[in-house]
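This briefing covers a single protein chain, shown below. The points are grouped by topic.

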Amino acid sequence: MPAPANRVVVDPHSLRRLITAMADLRETAQAQARLLSAHVDATRIAGDTPARLRAAHAWADQDITMLRRRLALAEAADPGTTGPLPPAALRGVPDLYDTAEQARAAGRSLADRLLRPDPDRRDRSRLADLAAALSGRAADPDFVTGFYDRLGPSALAGLLHQVLGAREPGAARHGEEIIGRTLASYSRLRRLDASWLGRFNSRHRDDQVETSLLGPLLRHGRFASALLARLGELLFGTGDGSLRDVGLQAGPGGPAARGAAGIRGAGGAGDAGGDRLSREAFGSALLRAIAADPELAPTFSTRHLPQLLHASRAQSADVPAGLRPAGGWRAPELETARTELVAAAGGAEARLARPGAARQFVAQLVDVVAGAGPSEVSPRMRAAYGEVLHAWRDDLYAAVVSPLPPDPAALDAPGLGREPRQWAALLRESLRGGASAPLLAADAVAVGAGIDQRAWEQTRGYNGPGAAHYPASPRALAYHQANEVTTFFGTALSETAERVLREHATRQEEHRLRTAVMIDILAEVAKSIDFTSVVRTLTNAARGLTVEIVEDRVRRATAHLPTAGSQAVLADLRAGLRAIPGWQSRYRASVADMWRHRDGDPLRPVVIQLPGGVTRHYTGDPRADGFVTGPANDFTGPGGEPMDVARMNREQRTAYAAWLASPAIVANNDRLPAVLTAPPADVVPGWAPGWARSAPAGKVPPG
C-alpha cells in the first residue's frame, strides 16, 4: 500500500549499517586516491583517476553527513522506545537541512524572532508562527536544540506565560502541546541542571523556579529522568537548597504580569474548574510523569516512600477533614497521582526496566508497612498495594513456601528476603481496601495450583509398575506448600475481615452510646415542659416524635448490617485453615536426620519420566543429582552433612533449597507425616502401595 507523500519509513538499524559501510568505502577511496596519486607523480603518467576518487570521497562525505542526520531524525521519531529501534515513520514537511548545523541555525533563527522587541504588540501572530514552525520540526533534535539553546530558560518562562495565558483555550492547548513535545526532547538532549532551572522564571533570577509553568507540559512528552528527579526533589523539599520553587509568579509589569493575569483568567477553562497552573496541578502532573518512567519510578519512590505513605494517611477517610493538610505535596489533589506512582514503582514495567531498583522498592514497601502496623491509608493507596502484590505474587508466596529462613540482606533471595509475616501485613492492608481482594484471591489460587501442577510434571511416573514403595510421595512437600499458600491467604483474609468487623462493632457501640445520651437529653427536655392549654397544640405535635420512635429508628438503621452472617462465614474459614508454624525448621531437621543415617538406611532412588520418554534418576546425593556442582554452591560441611544455613552464601542457599525439595529426599523422608502434622493419606492422596489403596474402606488387608 503506498504511503502518504509526507511520510517516509526508515529502519534505523539498517540505516546505521549503511552509514558504517559508506564510511568504510569512503576511507578506502581516500586511501586509493593517495596511493594512485603517488604512482602518478612517480611515473609522470597523465590520468584523472585520483581526481575522480577524491571527488567520490567528497560525495561520500556529504552524503554520510546527510544520512547521519536522517538517522538522528528516525531515532527521535519514537522517543519512548527502548532497545533496538523499529522502523520509524518520519512525518511532517520534507527535511530542509543537509547538516545538523544548518538545522541548529534555523532553530536559533526562530528563537531570535521571538526575542526581538514587539512594538506593534503582535504577540498573538508571533505565537501562531512559533507553533507552526515548531510543529513541523518537533522531531528534529538539531532544530529543537538550536531553538532552546538560543531562547534560554528565562525567555522560555516568559513565553509560557503568554502561551498558557492565551485567551483562546484551543490556542493555549495547541501551544502547550508543541512546547511540551519539543521541551521534552530538549531535556533529553541537554542536561537541564540546577543552573538551568534556577533561571526558569520570568523575573530573570538565577535561584527561582516557576514549576507551575511546567505542569501542563509534562503530559505531552517523555522528559529526561534527571530533570524529573530534580523537580521531584523540589516538590518534596529535599533538594540541595540552592533553588526556590516559587510556583507561579507575575512581574510588576510587562509581559509577565499580563501573562499571569491571563493565566488566572483562564485557570478553569476546559479543566473542570480546577486551576491547571497551581502547585497541586504541577505536583500531580509531575508524579504521573515519574510514574510513566519505569527506570525512574522505583528509585524515586524508594527514596520518598515514607513521605508518600504519610501523605496518603493524611488523606484517609478516617482522618477528620479539619486535620488533613491542605497544600504542598500532601494536598488531596495529589492522592491519585501518588497511588499511581506507588503502583508503577512496583509494577511489571519497572521490574523489567530496573529489576534491582524495583526489588529494592518492593522490599522497602513491605518493611515500611509491616513496621507501621495497622494504619489508615486511602482506598486508592490500598488498591496500589494490591497492584504491587499482583506483580510480585511469586515472590510473596516464595517467602511462604521456602524451606529456608529468610535472608534480609539478599534482595534476590526467595520472597526478597522478607519474612512471611511482613508480606502478610502488606496483604492485609491491601485486602482492607476491598478492591484488590478478588485479584489477590485469584493469585493465591493460581500459585497454589501451579505448585501442585509442577509437582506432577516433575515427578511423572515415579509410582509406575515395579516401582518400590516409598515412605512418602515425592509430591508431599509440594502438596504441603500449596496448602500453605491457601492457608496464608485465607488467614490474611479472615484477619482483615475480623478487624473490620471489630472496628464496626466499636463504632456501633460508640454510636449507641451517643444515641443514649441524645435520648436522655430529649427525655429531660420533655420532662421540663410545663404543659398548659397554650401549648396544647405543640404538645400534640410533639407526639409525632417520641423517645421510643427515635430509639426504634436507631435500632432499625443498624440492624441491616450482616455482622452475624459474616462472623459465621469467618468461623467456617478459620476452621478450614491449617497453619503449621515452624514447619520449615522441622522439615530441614528431618532431612538432616535422614541424611545422617543414609549408610544404615540407604535412600531408594526415584526414577522420573521426562517429556520425550527420557528418564532421570534421583539418588538423593546432592552431587550425583547435580545440585552441588563445585565449591561455589557446595552446602555440605566436612562430614558431608548440610552446614548451618546462616553460614551459606547465596549460591549455597539456592542449591540447598533445591536439594531439600528434590524427589528422592522428599520420597524417602518417613517423618513427613509428623512434620506436617497430618496423616499421610490426608496430605498425599494415593501415597500408599497398590495393595493398600485397593483395600475396601474400613478393612485392613491381611498381613
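Helix α23 is largely enclosed by the rest of the structure, because 10 of its 14 residues are buried; buried means under 20% relative accessible area, exposed over 50%, and partly exposed in between, with a 1.4 Å probe and protein chains only. Helices (H or I, at least four residues) and strands (E, at least two) are DSSP runs, numbered from the N terminus. This is a predicted model, in which local features need pLDDT of at least 70 and side-chain atom pairs count only at pLDDT 80 or more, while totals for chains, interfaces and linings use all residues. Residues are numbered from 1 along each chain as its sequence is written, and side-chain values use heavy atoms, with hydrogens and water left out.

**Helix α23**

- The buried residues of α23 are Trp583, Gln584, Tyr587, Arg588, Ser590, Val591, Ala592, Asp593, Met594 and Trp595.
- Helix α23 covers residues 583-596, and its end C-alpha atoms are 20 Å apart, which agrees with the 20 Å that 14 residues should span at 1.5 Å a residue. The expected span is 1.5 Å times one less than the number of residues.

**Chain overview and confidence**

- The protein chain contains 28 helices and 6 strands.
- Of its 703 residues, 43% count as buried.
- The chain exposes about 35900 Å², of which carbon and sulfur atoms supply 56%; accessible areas come from the Shrake-Rupley method with a 1.4 Å probe, and for residues only the protein chains shown count as cover.
- Among contacts (heavy atoms within 4.5 Å) between residues at least 6 apart in sequence, 73% join residues at least 24 apart.
- The average pLDDT, the predictor's confidence in each residue from 0 to 100, is 75 for the protein chain, and 65% of the residues score at least 70.
- Residues 78-93 have pLDDT below 50, and this stretch has 36 contacts in the model beyond near neighbours in sequence.
- Over residues 678-703 the pLDDT also stays under 50, with 26 contacts beyond four places in sequence.

**Nonpolar cores**

- A nonpolar core is a set of buried Ala, Val, Leu, Ile, Met, Phe, Trp, Tyr and Cys residues joined through side-chain atoms within 4.5 Å.
- The largest nonpolar core has 100 residues, and within it Tyr148 and Leu156 touch the most other members. Helix α5 (residues 141-164) gives the most to this core, with 11 residues.
- Leaving aside residues up to four places away in sequence, Leu156 touches Tyr148, Leu151, Ile179, Leu183, Trp196 and Phe200.
- Another core, of 33 residues, lies apart from it and includes Val591, Ile608, Val628 and Phe635.

- Ser154 lies in helix α5 and, at 16% relative accessibility, counts as buried.
- Not counting residues up to four places away in sequence, Ser154 touches Arg199, Asn201 and His204.
- His204 is in the loop between α7 (194-198) and β3 (208-209), and is exposed with a relative accessible area of 62%.
- Most residues other than glycine have a negative phi. His204, although not a glycine, has a positive phi of about 60°.
- Leu416 is likewise not a glycine, and has a positive phi of about 55°. Leu416 sits in the loop between α16 (393-401) and α17 (420-433) and is buried, at 1% relative accessibility.

**Ser278**

- Ser278 is in the loop between α9 (255-265) and α10 (279-291), where it counts as buried at 17% relative accessibility.
- Ser278 and Gly215 are 63 residues apart along the chain, and their C-alpha atoms are separated by 8.3 Å.

**Aromatic pairs**

- The structure holds 10 aromatic pairs. Rings of Phe, Tyr and Trp (its six-membered ring) pair if their centres lie within 6.5 Å; planes under 30 degrees apart count as stacked, over 60 as edge-to-face and the rest as tilted.
- Tyr397 and Phe488 are edge-to-face, because their ring centres are 6.0 Å apart and their planes stand at 85°. This pair links distant parts of the chain, with Tyr397 in helix α16 and Phe488 in helix α19 (residues 476-527), 91 residues apart.
- Tyr397 is buried at 3% relative accessibility, and Phe488 is buried with a relative accessible area of 12%.
- Tyr656 and Trp659 form a stacked pair, at 6.3 Å centre to centre with 25° between the planes.
- Both Tyr656 and Trp659 lie in helix α24 (residues 650-660), 3 residues apart, about one turn of the helix, and both are buried.
- Ring pairs join Trp595, Phe635, Tyr656 and Trp659 into a cluster.
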